[in-house]
Amino acid sequence: MPQPAPSALPDIAERTLLTYLEAFLGLLLAGSTTDIVDLNFLQSAAVAAIPAGLTVLKGVIGTRLGQIGTASWLPHKSDPTFRP
């Protein structure tokens with residue numbers, strides 16, 4: 001009996017959370033070490049939500065392009081985690 005396809009939701013959630021944290025910390029570091037970015041804590045938190053939101057969109061598209069149950073865009077043949 002074939003196994004049901006896993007849900008891509010945990011994969012998308014992990015990617016989104018990590019993207020948000022990376023963008024947020026990157027903005028904080030850039031603001032504290034350079035004159036290029038002048039954002040306070042709350043502004044950095046708000047701006048970091050933009051790439052996180054795009055990650056959700058990318059993940060949803062990936063569920064249609066890549067391996068079932070993941071947010072990866074890799075085709076089945078190129079995905080190292082693919083198990084038929």
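Gly26 counts as partly exposed because its relative accessibility is 33%; partly exposed covers the range between buried, under 20% relative accessible area, and exposed, over 50%, using a 1.4 Å probe and protein chains only. Gly26 is found in helix α1. Helices here are DSSP runs (H or I, at least four residues), strands are runs of E with at least two, and both are numbered from the N terminus.

A word on where this comes from. This is a predicted model, where local features need pLDDT of at least 70 and side-chain atom pairs count only at pLDDT 80 or more, while totals for chains, interfaces and linings use all residues. Residues are numbered from 1 along each chain as its sequence is written, and side-chain values use heavy atoms, with hydrogens and water left out.

Now back to the helices. Gly31 also has its place in helix α1, and at 31% relative accessibility Gly31 is therefore partly exposed. Over in helix α2 sits Ser44, which is buried because its relative accessibility is 0%. Here is how these residues pair up in sequence and space:

| Pair | Apart in sequence | C-alpha to C-alpha distance |
|---|---|---|
| Gly26 and Ser44 | 18 residues | 9.0 Å |
| Gly31 and Phe41 | ten residues | 9.4 Å |

So what does Ser44 contact, leaving aside neighbours within four places in sequence? Contact means heavy atoms within 4.5 Å, and the partners of Ser44 are Phe24, Leu27, Leu28 and Leu39. Phe24 has its own set of touches: Phe41, Ser44, Ala45 and Ala48, not counting residues up to four places away in sequence.

That brings us to the core. The largest nonpolar core is made of five residues, namely Ala23, Phe24, Leu27, Ala45 and Ala48. A nonpolar core is a set of buried Ala, Val, Leu, Ile, Met, Phe, Trp, Tyr and Cys residues joined through side-chain atoms within 4.5 Å. Two elements, α1 (9-33) and α2 (41-65), each give two or more residues to this core, and α1 has the largest share with three residues. In soluble globular proteins, nonpolar side chains tend to be buried together.

The structure holds one cavity of 30 Å³ or more, and about 40 Å³ of space lies in the largest cavity. A cavity is a set of points, on a 1 Å grid over the protein atoms alone, where a 1.4 Å probe fits but cannot get out, and lining residues have an atom within 4 Å of a point. Grid points are joined across faces, edges and corners, and the volume is the space filled by probe spheres set on the points.

Which residues line the largest cavity? They are Ile12, Arg15, Thr55, Lys58, Gly59 and Ala71. Both α1 and α2 supply at least two residues of this lining, with the largest share, three residues, coming from α2.

Stepping back to the whole protein, there are two helices and zero strands. Of the 84 residues, 26% are buried. Among contacts with a separation of 6 or more, 46% come from residues 24 or more positions apart. The protein exposes about 6200 Å², with 69% of it supplied by carbon and sulfur atoms; these areas come from the Shrake-Rupley method with a 1.4 Å probe.

Terms used: On a 1 Å grid over the protein atoms alone, a cavity is a set of points where a 1.4 Å probe fits but cannot get out, and a pocket is an open set with protein on both sides within 12 Å along at least five of seven lines; lining residues have an atom within 4 Å of a point.
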